[in-house]
Amino acid sequence: MSTFEFAVNKSFLEGSGHPITIPKSQLPYSELPAASLDHRHVVVVLPRGERFEADIYHGQAGYGEYYQLRFNGKDRTLPSYLTLNGHLIVALLKVASQSYAILEYRE
């Protein structure tokens, strides 16, 4: 399991794919392929149990390499309890052949 903290931002709340950039400073990118979590379809589970489909994307930008979790699927409407600047813990894990991203409020 790999974890990192995420502060809910405007692009997550308003973007069509609700992107969550995985911070290299908290999660060395070498851990993702080692755990078979790079370029993978994942089920996202929000703090109150809502489930969404997503993919982990890998890319290059002007600042270098990045990984990003992006929601996909038909209904991507986030629940209203997710608010700007809320602090979440994101846990990426693989169980059997299924990958998950579990989001939980940080206390």
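Biologist: Over how many bridges do strand 4 and strand 5 pair?

Modeller: The structure is a predicted model. In this model strand 4 and strand 5 (residues 64–72) form a hairpin with 2 residues between them. Within this pair, glutamate 53 stands opposite asparagine 72 of strand 5. The two strands run in the antiparallel sense, and the number of bridges between them is 9.

Biologist: Which strand pairs with strand 3 in the antiparallel sense, and over how many bridges?

Modeller: Strand 3 and strand 4 form a hairpin that has 5 residues between the strands, and glycine 49 takes a positive phi near 95° there. Valine 44 has phenylalanine 52 as its bridge partner in strand 4. The antiparallel partner of strand 3 is therefore strand 4 (residues 51–61), since strands count as paired from at least two bridges and the number here is 5.

Biologist: Which residue of strand 7 stands opposite valine 44?

Modeller: Strand 3 (residues 41–45) also runs parallel to strand 7 (residues 98–105), with 4 bridges joining them. Strands of a sheet pair through backbone hydrogen bonds, either parallel or antiparallel. On the strand 7 side, the residue opposite valine 44 is alanine 101.

Biologist: What is the order of the strands in the sheet?

Modeller: The protein chain holds 2 helices and 7 strands. Along the sequence they follow the pattern β-α-β-α-β-β-β-β-β. The sheet is open, has 7 strands and shows mixed pairing; its order is 1-6-7-3-4-5-2.

Biologist: Is isoleucine 22 buried or exposed?

Modeller: Isoleucine 22 has its place in strand 2. Residues under 20% relative accessible area count as buried. With a relative accessible area of 1%, isoleucine 22 is buried.

Biologist: Where does leucine 37 lie, and what is its relative accessible area?

Modeller: The place of leucine 37 is the loop between helix 2 (31–34) and strand 3. Not counting residues up to four places away in sequence, leucine 37 touches Leu32, Ile56, Leu92, Leu93, Lys94 and Ser99. Leucine 37 is buried, and its relative accessible area is 1%.

Biologist: In which strand is serine 99, and what is its relative accessibility?

Modeller: Serine 99 has its place in strand 7. Among the residues that serine 99 touches are Ser36, Leu37, Arg40, His41, Val42 and Val43. Serine 99 counts as buried, and its relative accessibility is 2%.

Biologist: Which residue meets glutamate 5 in a salt bridge?

Modeller: The count of salt bridges comes to 1. Side chains of opposite charge can pair when their charged atoms come close. The rule asks for a nitrogen within 4 Å of a carboxyl oxygen, and here the distance from N to O is 2.6 Å. The partner of glutamate 5 is arginine 106.

Biologist: How many residues apart in sequence are the parts that this pair ties together?

Modeller: Glutamate 5 is partly exposed, with a relative accessible area of 37%. Arginine 106 also counts as partly exposed, at 38% relative accessibility. Glutamate 5 lies in strand 1 and arginine 106 in the segment after strand 7, so the parts tied together are 101 residues apart in sequence.

How values were computed:
Residues are numbered from 1 along each chain as its sequence is written. This is a predicted model: local features need pLDDT of at least 70, side-chain atom pairs count only at pLDDT 80 or more; totals for chains, interfaces and linings use all residues. Side-chain values use heavy atoms; hydrogens and water are left out. A salt bridge is a side-chain nitrogen of Lys or Arg within 4 Å of a carboxyl oxygen of Asp or Glu. Buried means under 20% relative accessible area, exposed over 50%, partly exposed in between (1.4 Å probe, protein chains only). Contact means heavy atoms within 4.5 Å.
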